[in-house]
Amino acid sequence: MLTGVTVRALVGSADVAVHGLTLDSRQAQPGTVFFALRGVQADGHQFIPKAVEQGASVVVCEELPAELADATTYVQVASSAEAMAHVAAAFYGHPSRQLKLVGVTGTNGKTTCATALHNLFRELGYHVGLLSTVQNQIDEQVIPTTHTTPDAIRLNELLARMVQAGCTHAFMEVSSHAVVQHRTTGLQFAGGIFTNLTHDHLDYHGTFDNYLKAKKGFFDGLSKQAFALTNADDKRGSVMLQNTAARRETYSLRGPATFRARLIENAVHGLHLDIDGRDVQFRLIGVFNAYNLLAVYGAAVLLGEDPTEVLTILSGLTPAAGRFETIVAEKTRITGIVDFAHSPDALENVLSTIADIRQPSQQIITVVGCGGNRDAGKRPIMANLACQGSSRVVLTSDNPRFEDPNDILAQMQAGVQPADLGKVLTIADRREAIKTAVALAQPGDILLVAGKGHETYQDVQGVKSDFDDRQVLREMFALLGK
Ligand SMILES: CC(=O)N[C@H]1[C@@H](OP(=O)(O)OP(=O)(O)OC[C@H]2O[C@@H](n3ccc(=O)[nH]c3=O)[C@H](O)[C@@H]2O)O[C@H](CO)[C@@H](O)[C@@H]1O[C@H](C)C(=O)N[C@@H](C)C(=O)N[C@H](CCC(=O)O)C(=O)O
Ligand SMILES: Nc1ncnc2c1ncn2[C@@H]1O[C@H](COP(=O)(O)OP(=O)(O)OP(=O)(O)O)[C@@H](O)[C@H]1O
Ligand SMILES: N[C@H](CCC[C@H](N)C(=O)O)C(=O)O
Ligand SMILES: [Mg+2]
């Protein structure tokens, strides 16, 4: 199980029967391996005594504790997180080697692409796994998720379940946190896709350059048997593949690339594109989705699928939950749009898409907030973008987590230009904010509720209460007789 791991010291027997792995001392028990990880909040090394007390058979750590228990095996490694990924892959029988596993990375579009690939390959007749922000899936079986990319133990366990269920393919999101924390280390990928890189997660990575390096780290780790498919139109598209051993492939809407598309029309009923000389109508809306569709098409072709068959299926695909999901009020025909835009680029794209498809008589009203304990730099920018793209804006809470919602809102308000102050309302209670926006909307208007998309909860002080933008929007349309 330690193959691929740089072992610095081994104390105790190497011949231990192990039937479980954990990164949480509270889950440790006889027969388990406990990995002491250095985290953001705490250092897992401080929980080694607790794990041993609970009976952990093996402890994997970067520093040996001062007191060693006789019955426990200690493995000192250079990086506990990296070791955990290798051990997890081995423990679950290297499931990634038995799948065609494709990872999608980038600031925006990961869920959209991974979900579309899952649905496409299901329709092509395969058994398929999915690991995404919205949910994990084995064919149509839904397995709830807590992360965009699970930790290495859970990840390999899920991949093993996919293999057991007969899956031939799996599509997953690879977040920048996942790369830095070695959640995907030791996996064998058949391919990687890069969508785009814009402002997000600088709270965690510190600088944009570190964020870029994290994403690039995924491509640096691909093998030469894999493909690396990048967005040639993104400023960072080529740097992503600079040091990869994988086969380099590109997609573009603007210039030469392995996979090329030309935008014919971006309309309210969907996109009309020319892809590699084929004229295709899609149900997804917005130029950003032209990129997502092209990436998905390219990956499918690189996996050996027939281009015409792929495009036929893609043309019928609907968006992932909470991505440009529309809810139309019965009487007034107000169009509610619930979208997971929680970064400046996503918000700008969604608003410019709405601007492209709206009639001149339709006003755009936007409800938006920013998450707590996340990149604060996004807050003023997102508030300003909301103002630039809308006639009225209601600033509200997203998931405040452990921050004071009013502090977050004050930081958002700082981004509102004096000329726009008149169009902005600030209502911390998200339900009230949506209600107010619905009340403000005139028949036929467009009401964007951004930031939470598919989420069915609101996280306040670590407590997740039921909250679903789509449901609240429907409720308010009914309540206000819209
Ligand atoms: C910032 C971040 O990535 N945090 C992740 C990290 O937690 P942490 O570093 O805070 O852990 P910690 O609390 O300091 O504890 C350190 C270690 O001690 C252990 N511990 C702790 C207490 C105890 O009693 N015993 C014990 O053993 C913990 O299990 C942990 O291994 O490791 C944990 C275990 O894997 C993750 O659950 C946790 O995700 C938190 C919940 C999170 O919110 N992560 C977000 C930011 C995230 O990962 N997001 C990306 C997507 C971002 C995107 O949109 O692109 C994702 O992939 O989901
Ligand atoms: N290719 C794209 N370029 C820019 N914006 C996009 C793109 N695709 C989707 N978006 C916008 O970003 C939002 C999030 O999309 P999606 O959930 O697919 O991204 P993600 O990368 O999975 O996000 P997360 O990092 O939270 O997992 C969408 O609701 C939409 O507003
Ligand atoms: N995966 C992203 C999702 C953010 C969604 C937004 N609603 C928020 O809570 O900030 C994150 O964890 O940063
Ligand atoms: Mg996602």
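How are the donor residues of the magnesium ion (ligand 4) spaced in sequence? They follow the pattern T-x21-T-x39-E. The model is predicted, local features need pLDDT of at least 70, side-chain atom pairs count only at pLDDT 80 or more, and totals for chains, interfaces and linings use all residues. Residues are numbered from 1 along each chain as its sequence is written, chains are lettered from A and ligands numbered from 1 in the order in which they are written, and side-chain values use heavy atoms, with hydrogens and water left out.

The protein donors of the magnesium ion are T111 (OG1), T133 (OG1) and E173 (OE), at 2.1 to 2.2 Å from the ion. Donors are N, O and S atoms within 2.8 Å of the metal (3.2 Å for Na, K and Ca); water is not among the atoms, so the site may look incomplete. T111 belongs to helix α3 (residues 110–123) and E173 to strand β10 (residues 169–173), so the pair ties together parts that are 62 residues apart in sequence. Helices (H or I, at least four residues) and strands (E, at least two) are DSSP runs, numbered from the N terminus. T111 is buried at 5% relative accessibility, and E173 is buried at 1% (buried: under 20% relative accessible area, exposed: over 50%, partly exposed: in between; 1.4 Å probe, protein chains only).

Ligand 2 is surrounded by 21 residues, the closest being K110, T111, T112, R323 and D339 (a surrounding residue has a heavy atom within 4 Å of the molecule). Oxygen atoms of ligand 2 make polar contacts (pairs of N or O atoms within 3.5 Å) with the side chain of R323 at 2.7 Å and with a polar backbone atom of F340 at 3.3 Å. Alone, ligand 2 exposes 630 Å², of which the protein buries 95% (Shrake-Rupley method, 1.4 Å probe). Helices α3, α9 (287–302) and α11 (344–357) each give two or more residues to this shell, and α11 gives the most, with four.

The shell of ligand 3 includes H201, F340, D398 and K452. An oxygen atom of ligand 3 lies 2.8 Å from an N or O atom in the side chain of N399, and a nitrogen atom of ligand 3 lies 2.8 Å from a backbone N or O atom of G451. The protein covers 86% of the 350 Å² of accessible area that ligand 3 has on its own.

Definitions and conventions:
A polar contact is a pair of N or O atoms within 3.5 Å; within protein, one must be able to donate a hydrogen and the other to accept it, and residues adjacent in sequence count only if both atoms are side-chain atoms.
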